[in-house]
Amino acid sequence: MTESLSVAAERTGGGAGDEGTGAAMMPAGRRRWARPARWPMLVLAGVLVFLYTPIAVVVVMAFNETGSAYRWSGFSTRWFGELAADQVILGALGNTLVVAAGATALSIVLGTLLAIGLARYVRSGLLDAFALGPAVAPDIVMAMGLLTLYVTLGFSLGLHSVLLAHVVFGTALVTATVRARLGHLDPALEEASRDLGASALQTFWRITIPGVMPAIIAGGLLTFTLSLDEFVIAFFTDGPATPTLPIVIYSLVRFGITPEVNALGAILLLVSIVTVLVAQRLTGLGGRDADT
Amino acid sequence: MGRLLLLGPGLLYLTVLFLLPIAAIVGISFLESNRFGQLRWEVTFASFERALDPLYLRVLATSVVIAGITTLLAVLIGYPTAWAIARLPPRWRLVVLILVVLPFWTNFLVRTYAWIVLLNTEGPISGVLQGVGLIESPLQLLYTPGAVIAGLLYAYLPLMILPLYVAIDRLDPELREAARDLGASRARVFLTVTLPMTLPGALVGAIFVFVPSLGNFVIPELLGGGKTVMIGNLIRDQFLKTRNWPLASVLALSILGILLVLLILQSRLSRRYAPVSHD
């Protein structure tokens with residue numbers, strides 16, 4: 001079983017090495033002791049090739065006239081045109097956006113309040129673990145449990161049931177990012193605000209919330225992206241009349257290679273890249289870069 | 001702001017839509033359903049006994065082996081990768097980290113679909129192998145257990161690299177220098193200093209790769225062509241098609257049980273090998 005995999009990795013490594021050579025040419029780390037081992041850099045280069053070859057294949061096919069992955073027949077935006085005319089996909093896109101936007105909004109409110117509450121009042125780690133649990137729980141278990149609950153309570157299935165399900169992991173994500181940010185904020189700011197005569201509510205709106213705003217936006221963006229791509233929970237908890245985009249992609253992909261999926265994949269790729277880059281800017285990672 | 005206003009809404013929401021669903025799975029696993037999927041409200045261990053049927057045990061074993069091989073490959077590839085990233089100049093480190101994480105945020109189904117294209121008999125991998133004369137006829141890579149492992153590895157490798165990177169980045173280089181100065185060989189420094197201190201990170205990565213691999217039903221279906229049945233496929237079919245909720249619940253609990261055991265193991269290990277704090 002493993003042979004075919006290593007062959008796959010090797011072959012993709014030999015094929016399109018564009019991304020890989022770039023990484024391999026980076027200066028190998030300057031270490032103060034011993035000779036730096038070179039081979040981990042080669043593994044890193046191989047990993048980047050492994051990660052980006054499939055993505056490159058999708059993008060290339062999206063712009064290929066015949067939609068084939070094997071023979072280039074000329075640049076074309078034809079598949080994007082067909083995509084734009086596909087009522088089923090457009091409808092599903094609308095459904096997905098409704099779910100993602102609603103789930104993100106609700107998750108931001110619940111997650112932010114929860115994170116501030118946990119940071120202020122809770123000393124034990126048990127509630128922390130509970131609040132972050134949905135981020136670790138296997139999606140198939142969550143999907144099954146939620147559908148069981150909906151059916152048992154006689155709750156109707158549709159976009160609303162998917163939305164409520166997505167809020168579960170969204171709340172955990174926002175709680176995690178905001179909680180991390182609160183650890184870096186100076187509590188003396190809130191105290192100073194209160195000492196200067198601001199009410200608890202004023203302090204909350206003018207000091208606490210602006211302080212954690214980057215984390216709220218980052219957590220919200222991550223929730224939005226995850227909800228946009230989420231398949232398993234949506235597959236279980238959605239009603240048949242309102243499929244989300246991943247459900248439609250699943251039904252297309254099951255029946256083999258569909259050129260429209262390439263165009264759709266390329267667009268979704270762009271959306272993900274922009275979102276992750278914006279979220280990255282807003283979280284602490286960018287700041288740490290400046291420190292080191 | 002009151003404690004209730006801050007903590008109340010979130011905790012209430014998670015209690016109803018996270019804790020209650022899992023409690024429902026636990027509860028239903030002690031019931032039995034008839035041929036039409038109707039539950040009989042009587043506590044029984046019958047569904048646990050049914051799950052021990054060799055047919056289901058074999059699926060569980062296959063899943064554990066496939067998820068295990070995926071996790072092992074992820075550690076073997078992820079460790080040197082994380083090491084290499086930690087050795088990059090700071091400016092490059094962030095760029096490469098983003099590059100590694102980015103595919104994880106792109107659509108899971110589209111990524112899996114790309115592998116259908118790559119592994120196809122007429123696909124580029126088979127073509128290159130024929131071109132260099134390694135194989136005579138087109139090679140069937142798709143719809144094999146190897147294809148499932150490749151897909152799972154592709155989907156979850158970033159989740160291994162990230163915690164490993166954090167663990168390696170946190171290492172105090174002076175510890176290794178001290179070991180070297182005291183005469184330890186490089187291999188020995190790695191085995192007695194570096195490895196134990198990065199083990200908790202590796203275990204976090206292993207959980208992040210192993211657990212979702214175990215419960216995945218899309219990759220075995222799309223890349224395994226239904227020939228490789230994993231526990232995720234079984235749960236999906238028992239729950240949505242056969243409508244045997246109690247059996248599906250027992251199977252889901254087995255995944256949850258494995259997750260809990262791994263989490264406990266991880267927290268024990270990280271306490272034992274707690275890295276020296278810099279604060």
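1. The backbone oxygen of Val271(A) lies 2.6 Å from a polar atom of the side chain of Thr275(A), a polar contact being a pair of N or O atoms within 3.5 Å where, within protein, one must be able to donate a hydrogen and the other to accept it, and where residues adjacent in sequence count only if both atoms are side-chain atoms. Thr275(A) belongs to helix α13 (residues 259-282) of chain A, helices being DSSP runs (H or I, at least four residues) numbered from the N terminus.

2. This is a predicted model, in which local features need pLDDT of at least 70 and side-chain atom pairs count only at pLDDT 80 or more, while totals for chains, interfaces and linings use all residues. Residues are numbered from 1 along each chain as its sequence is written, chains are lettered from A and ligands numbered from 1 in the order in which they are written, and side-chain values use heavy atoms, with hydrogens and water left out.

3. With a relative accessibility of 10%, Thr275(A) counts as buried (under 20% relative accessible area, with exposed over 50% and partly exposed in between; 1.4 Å probe, protein chains only). Not counting residues up to four places away in sequence, Thr275(A) touches Leu221(A) and Thr225(A), contact meaning heavy atoms within 4.5 Å.

4. Phe130(A) and Phe18(B) form a tilted pair, with ring centres 6.1 Å apart and planes at 35 degrees (rings of Phe, Tyr and Trp, the last by its six-membered ring, pair if their centres lie within 6.5 Å; planes under 30 degrees apart count as stacked, over 60 as edge-to-face and the rest as tilted). This pair crosses between chains, from helix α6 (residues 125-136) of chain A to helix α1 (residues 3-28) of chain B, and both Phe130(A) and Phe18(B) are buried.

Technical notes. Helix = DSSP H or I, 4+ residues; strand = E, 2+ residues; numbered from the N terminus.
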